[in-house]
Amino acid sequence: MSQNQQEQNPYWQANIRLITISLVIWAIVSFGFGIILRPLLSGIAVGGTDLGFWFAQQGSILVFLVLIFFYAWRMNGLDRKYGVEEE
Amino acid sequence: MDQFTLNLLFVGGSFALYIGIAIWARAGSTSEFYAAGRGVHPVTNGMATAADWMSAASFISMAGLIAFTGYDNSSFLMGWTGGYVLLALLLAPYLRKFGKFTVSEFIGDRFYSPTARLVAVICLLIASITYVIGQMQGVGIAFGRFLEIDATTGLLIGSCVVFAYAVFGGMKGVTYTQVAQYCVLITAYTIPAVFISLQLTGNPIPALGLFGEHTSSGEPLLAKLDQIVRDLGFAEYTAAHGSTINMVLFTLSLMIGTAGLPHVIMRFFTVPRVSDARWSAGWTLVFIALLYLTAPAVGAMARLNISELMWPNGTDGAAVSVEQIENDPQYAWMATWQKTGLLDWEDKNGDGMIQYYNDANADLQAKAAENGWQGNELTNFNRDILVLANPEIASLPGWVIGLVAAGGLAAALSTAAGLLLAISSAVSHDLLKGQLTPNMSEKSELLAARISMAAAIVVAVLLGLNPPGFAAQTVALAFGLAAASIFPALMMGIFSTRINNTGAVAGMLAGLVVTLLYIFLHKGWFFIPDTNMFTDADPLLGPIKSTSFGAIGAAVNFAVAYFVSGATKETPQEIVELVESVRVPRGAGAAAAGH
């Protein structure tokens, strides 16, 4: 029964949606652009090498940073919207 | 002033600073010892967590591993930063809301089982001790260099310093000390990198210099580096050589492991509010990224410098002469590092020159036969010395060398102290007070905490004498273990109400056992050399090396927990309510009371 309660809880659903979107981006920049899709990006030159190398060594770190701050900002907003923020 | 005095001055000065802070902020109560009274600002906490997190592996070892392998070791960069995304999104705010001191307390309460808590403690201890081995390696190398002794003696001296240092402060002392250590280590890492980047590319920001132009040749830096290492018969720097599957699994293991390491998670118990736990993970990554964006530049530039030093007349000209190595001040670092036993060369063909090349490469073997070379003559170059030797290799002023020695020690010490704290709280708080002797007084709990620190150091030193790999590789094994055991239990505990006590215990044990087995099969039983049955060059399961197995261990953990929970009784209603309360920030203050 309470499994149902959770699934119907719009705050938790919104959170799960946000987490899913963020983790998809997280995986695309690191495992995708940095490793698996690197051969596809090899045509795009960046400073003596290709875009995949840049993502593997710098780009993904920068995206991770943006993701965490974006998530914190959105979640703190959701906390207020659904009235579950800390007193 | 000579280099030795200068090193002593920098290292001594920074130590005096840390000890001063530790005394000023001494822990009085158990609550302060473990969690600093929960009064730490997110930015301060982020900085301290970054120092805690960036260990000998990040500071001393990582750039060296990248330098000698190139692109394939990008896993360290992505893995050790990407884990913070998992931590911030999946764990930190909820564990802060739960509001207890330790990770195993959460597991014990959420899975309503003292057995689950015990299993969690065992997982934590195994992962943390493996991690401390890697730190002690780094401590040994740093002490070896700056006292100009061999690395083993350095390790023994270093362990005494780590012990004295960790035993006197708890989390509160450690938090403020770690802020100071962060400042020392980031300055020490950045300054030489800026100098070297200016020398090679004219760009003062190393991260941009890496993708910039090599001033003396007019080519892009990475293209120049690729060409030089190719000429010497080594694998091209920017190209992928290893297996893609292994690289994905290795990166994933490091990421999951980051989010499962007790000493990192513990930091998020110390922020005042749930929303601060979210910000705090972001701030931590900001401070970590400052080093991680510089590290690949340090690696590539050092590799270029070393290659050019060994071949001062270009790769087609004559190699560096033994006489030059012995007399030219530019090569003085080689003699200094030879004393640590981590760098060595030998004029095998007696031509008075030291040829550095890949003697396993067919083209270079042909060239060697033509020129009368008898194998690579730079016989030993331990990857772990690269960062510490880097300012000397680039002929930077003496004070930079002293600063880097102090920075390396700061990195190793801060993490060793954080880990020892996690180990001691696991033993005294979770094992003794939580399970065996619940009526223990605060005073004897603190005593037990300190005794367990001492025991952990002794074990780490014994195993650190014959480490299973370079510092960052040893540390990677610890991450695999944390990934396979702790992270899945924490995540399922928050995101699923269906996983019950039996499922969690079975999952953690399955994940830990398969990962530990895989590691021992490849690295030797209990890391004792020559007891391994497979090697990472030819692993048991296709391309999957022992350092990458953590991700598979985690998958085993999730699967076992899911199926066992499905076959056993549902979680009781009060636990479902506990999970639901952990999911919302409201009411966090009230939950903060101790055990």
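Q: Which residues in α2(A) meet which residues in α3(A)?
A: In general, an α-helix has 3.6 residues a turn, so residues three or four places apart point the same way. In this predicted model, the α2(A) side includes Tyr11(A), Ala14(A), Leu18(A), Ser22(A), Ile25(A), Val29(A) and Phe33(A). Among their partners in α3(A) are Phe55(A), Gly59(A), Val63(A), Leu67(A), Tyr71(A), Met75(A) and Leu78(A). By class, the contact has 16 nonpolar, 7 polar and 1 charged residues.

Q: At what angle do α2 and α3 of chain A pack, and how far apart are their axes?
A: Two packed helices are described by the angle between their axes and the distance between the axes. Here helix α2 (residues 10–36) of chain A and helix α3 (residues 51–81) of chain A pack at about 170°, and their axes are 8 Å apart. The angle is over 145 degrees, which means that α2(A) is roughly antiparallel to α3(A).

Q: Where does α3(A) bend?
A: The bend is at Gln58(A), by about 55°. Just after α3(A), Gly83(A) has a positive phi of about 65°.

Q: How many residues of chain A are in contact with chain B?
A: Chain A has 39 residues in contact with 45 residues of chain B. On the chain A side, α1 (2–8), α2 and α3 each supply at least two residues, and α3(A) gives the most, with 17 residues. By class, that side of chain A has 22 nonpolar, 13 polar and 4 charged residues.

Note on methods:
Residues are numbered from 1 along each chain as its sequence is written. Chains are lettered from A and ligands numbered from 1 in the order in which they are written. This is a predicted model: local features need pLDDT of at least 70, side-chain atom pairs count only at pLDDT 80 or more; totals for chains, interfaces and linings use all residues. Axes are lines fitted to C-alpha atoms, for helices over the stretch in contact, and angles run from 0 to 180 degrees between N-to-C directions. Helices (H or I, at least four residues) and strands (E, at least two) are DSSP runs, numbered from the N terminus. Angles under 35 degrees count as roughly parallel, over 145 as roughly antiparallel, 65 to 115 as roughly perpendicular and the rest as oblique. Two residues are in contact if their C-beta atoms, placed from the backbone, lie within 7 Å. Ala, Val, Leu, Ile, Met, Phe, Trp, Tyr, Cys and Pro count as nonpolar, Asp, Glu, Lys and Arg as charged, and the others, Gly among them, as polar. The bend at a residue is the angle between axes fitted to the seven residues ending there and the seven starting there.
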